[in-house]
Amino acid sequence: MLNTGKLAGRTIFISGASRGIGKAIALKCARDGANVVIAAKTAEPHPKLPGTIYTAAEEIEAAGGKCLPCIVDIRYEDQVQSAVEQAVQKFGGIDVLVNNASAISLTGTLETPMKRYDLMNGINARGTYLVSQKCLPYLKVGKNPHILNISPPLNMQPHWFKGHVAYTMAKYGMSMCVLGMAEEFKAEGIAVNALWPLTAISTAAMDMLAGKDAQKQCRKPDIMADAAYVMVTRDSGSYTGNFAIDEDVLKEEGIQDLDQYACVPGHPLMPDFFLDISAEELNKNLKIPQASAGGASQAAAGGPAQTFEVINSLVSEDILSSVKGVFQFNLTGAEEGTWHLNLKDAPGGGGAGEPAGKPDVTMTMTSEDFVKMFAGEMQPTQAFMSGKLRIKGDLAMAIKLEKLMGVMKSKL
């Protein structure tokens, strides 16, 4: 999507813009010749995550913008206040605020220490509120002022809380800021909106959560950057209080070729959290080879027991070396029970009952979904993100099971 120049000379304050979606939005604005303020914590290279505020600033200036990198932990009022004051001193004001900074821990109530709870709520809900509060006096006199929160629609279906209630509360706190502030500042012409991706987005954080293999089911951050650009260049006096989805925003602008944003064009995509859309519905227009009718139905007829017979026949040194984990499956539904799978120690394999030692990953789902997952009809990442699968332990290791499932799909 081409830039229009509407943000030339305007000042965009973005939290968490040293990498990922935040940086993509910053670069998009920079191509208009905007002034971009990066407010983020990463001043030194992270051992697992690429990019710092300084490397991002270099890219922003190379793209045509001006940049002010500020070391900011948005949990602390004095640091936020200082960054806002620096922005105003350097650029003369603030016209757009993008609340992108976020923390995530997809853990259940008993597995979430209060330190992790406080981190998520401190950054997501409180941090968004705090940065908005400090920027608002300048937005009131800004040109076409916008606040854009990278947060989801407020979907109150219980399965979006189950399994990670602390994260959902924190993320929905950002969305509640949209709901309240849009109405509060409507009369002053300040737009407050939310933007959320329809699909999973390829970021370093996604790598850490689901592993590199999940990236092929993602879109690039560019789709969020293009959608954000459209939103913050719309009239702030009339476009406010919206919970927008990236794909919908772009379609409204006449953009139909969304495959350009796919990490692997033509590959099935994974729906993001908090949206009631299945992978099947999302990918209904893709020409995806269908699994043979015999395999899945045959495995379903035998249930978990027959599925494990197939698993045990397929365990190899290659699978053991690539997974290196012990799994426990707590199955509910028609064939309730506990099963285990050792993909760490030779000769590997599994069956009924708990593993001999502590599992690296515990997965809870219905017995029907378990069979579908190993028959290749349901991917672990998609099952997890849709609430059909609950994972305790190493999420990235759980995603490694997709390799075994791919082998099983060809054998069933």
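Guide: Helices (H or I, at least four residues) and strands (E, at least two) are DSSP runs, numbered from the N terminus. With that convention, M397 is found in helix α14, which covers residues 395–399. This is a predicted model, in which local features need pLDDT of at least 70 and side-chain atom pairs count only at pLDDT 80 or more, while totals for chains, interfaces and linings use all residues. Residues are numbered from 1 along each chain as its sequence is written, and side-chain values use heavy atoms, with hydrogens and water left out.

Let us begin with M397 itself. Buried means under 20% relative accessible area, exposed over 50%, and partly exposed in between (1.4 Å probe, protein chains only). M397 counts as buried because its relative accessibility is 10%. Contact means heavy atoms within 4.5 Å. Apart from its neighbours within four places in sequence, M397 touches V323, K324, G325, F327, D360 and V361. A separation of 9.6 Å lies between the C-alpha atoms of M397 and S322, although 75 residues part them along the chain.

K324 belongs to the loop between α11 (317–323) and β8. Its phi is near 55 degrees, a positive value in a residue other than glycine. Most residues other than glycine have a negative phi, and most peptide bonds are trans. Elsewhere, N144, which is not a glycine either, has a positive phi of about 45 degrees; it sits in the loop between α4 (114–139) and β5.

We now turn to the sheet that contains β8. Two strands pair if DSSP finds at least two bridges between them. The sheet is open, has 5 strands in the order β10-β9-β8-β11-β12, and shows mixed pairing. β10 (349–352) and β12 (390–393) are the edge strands with a single partner each, so one side of each has no neighbour in the sheet. From one strand to the next, the twist averages 15 degrees. Strand β9 (residues 337–343) runs antiparallel to β10, and 4 bridges join the two. Within this pair, H340 stands opposite G351 of β10. The loop between β9 and β10 holds P347, and the peptide bond joining A346 and P347 is cis, with omega at about 10 degrees.

A helix also covers part of this sheet. Axes are lines fitted to C-alpha atoms, for helices over the stretch in contact, and angles run from 0 to 180 degrees between N-to-C directions. Helix α12 (residues 367–374) lies across β8 (325–332), β9 and β11 (361–366), and runs at about 115 degrees to β11.

β1 runs parallel to strand β2 (residues 35–40), to which 5 bridges join it. The bridge partner of I12 in β2 is V36.

Two helix pairs complete the account. Angles under 35 degrees count as roughly parallel, over 145 as roughly antiparallel, 65 to 115 as roughly perpendicular and the rest as oblique. A crossing is left-handed if the near helix is turned anticlockwise from the far one by less than a right angle, and right-handed if clockwise. Helix α1 (residues 20–30) and helix α2 (residues 53–62) have axes that come within 8 Å and cross at roughly 25 degrees, which makes α1 roughly parallel to α2. The crossing is right-handed. K23, A26, L27 and A30 of α1 meet A56, E59 and I60 of α2. By class, this contact has 5 nonpolar, no polar and 2 charged residues; Ala, Val, Leu, Ile, Met, Phe, Trp, Tyr, Cys and Pro count as nonpolar, Asp, Glu, Lys and Arg as charged, and the others, Gly among them, as polar.

The axes of α1 and helix α7 (residues 222–232) also come within 8 Å, crossing at roughly 50 degrees, so α1 is oblique to α7. This crossing is right-handed. Among the residues that form the contact are I21 and I25 of α1 and M224 and Y229 of α7. The contact of α1 with α7 divides into 7 nonpolar, no polar and 3 charged residues. In α7, 10 of its 11 residues are buried, and these buried residues pack against α1, β4 (96–99), β5 (146–150), β6 (191–196), β7 (243–245) and α8 (246–252).
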